[in-house]
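Please read them with the model open beside you.

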Amino acid sequence: RPEGTALASRLKRERPLPVDEALGIARDLAAGLAAAHAAGVRHGDLRPKHVLLADGGALLRAVGVLDAIQPPSAASASGTGVSFGVVGYQSPEQVVRSDDGDPRADVYALGCVLHELLVGDVPHASTPGLTLAARKLTLPAPSVRLVRDTVPE
């Protein structure tokens with residue numbers, strides 16, 4: 001088991017992260033998700049709590065837990081699967097259907113993590129008015145550059 005620091009702990013101390021570091025973490029996570037998805041495994045709960053910063057890179061933790069508890073075929077067949085995750089990182093489909101979707105939900109969560117790394121919070125988190133879930137379902141994701149114009153296009 002590799003040793004390191006949870007990304008969530010790092011974000012408690014420092015947010016947003018430098019752009020180059022945030023992009024490096026996102027690249028590592030994308031590579032990890034690609035390997036998991038190629039093996040037919042979903043993460044299902046990608047968020048900073050499940051990312052380990054170690055040896056100059058980022059590693060996914062808890063990969064495959066969702067599939068061990070609820071295989072994709074069981075979730076889609078019953079439509080009453082257990083819902084994992086936190087709304088801030090869930091895809092709109094997960095929010096509406098309360099299921100854990102397919103690997104694309106992991107990619108959506110990766111985008112939310114990257115947004116948090118670059119801005120300091122998940123998309124829509126500080127928007128007044130509607131709940132986070134309602135904003136996710138009705139509004140486009142906000143541009144990182146609205147909050148941090150130093151992020152390259």
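The expected span of a helix is 1.5 Å times one less than its number of residues, and helices (H or I, at least four residues) and strands (E, at least two) are DSSP runs, numbered from the N terminus. This is a predicted model, in which local features need pLDDT of at least 70 and side-chain atom pairs count only at pLDDT 80 or more, while totals for chains, interfaces and linings use all residues. Residues are numbered from 1 along each chain as its sequence is written, and side-chain values use heavy atoms, with hydrogens and water left out.

1. Let me start with helix α6. It covers residues 103-119, 17 residues in total, and reaches 25 Å from its first C-alpha to its last, close to the 24 Å expected at 1.5 Å a residue. Gly120 follows α6 and has a positive phi, near 110°.

2. Now the core. A nonpolar core is a set of buried Ala, Val, Leu, Ile, Met, Phe, Trp, Tyr and Cys residues joined through side-chain atoms within 4.5 Å. The largest one has 24 residues, of which Leu7, Ile25, Leu29, Leu46 and Leu117 touch the most other members. Two or more residues each come from α1, α2, β2, β3 and α6, and α6 gives the most, with seven. Leu46 is worth a click: leaving aside residues up to four places away in sequence, it touches Leu33, Val51, Leu60, Tyr89, Asp106, Ala109, Leu110 and Val113.

3. On to the sheet. Three strands make an open, antiparallel sheet in the order β1-β2-β3, where two strands pair if DSSP finds at least two bridges between them. β1 (5-6) and β3 (57-60) are the edge strands, each pairing on one side only. β2 (residues 51-54) and β3 are joined by four bridges, and Ala54 stands opposite Gly57 in β3. Helix α2 lies across β2 and β3, at about 35° to β3; axes are lines fitted to C-alpha atoms, for helices over the stretch in contact, and angles run from 0 to 180 degrees between N-to-C directions.

4. Beyond residues up to four places away in sequence, Ser91 touches Ala105 and Tyr108. Ser91 and Lys136 are 45 residues apart in sequence, yet 8.1 Å apart in space, C-alpha to C-alpha.

5. Finally, some backbone details to check. The peptide bond from Arg15 to Pro16 is cis, with omega near -10°; Pro16 sits in the loop between α1 and α2. Two residues other than glycine have positive phi: Asp55, near 50°, and His124, near 70°. Asp55 is in the loop between β2 and β3 and counts as exposed, at 83% relative accessibility. His124 is in the loop between α6 and α7 and counts as buried, at 6%.

Methods:
Contact = heavy atoms within 4.5 Å. Buried < 20%, exposed > 50% of the residue type's maximum accessible area, 1.4 Å probe, protein only.
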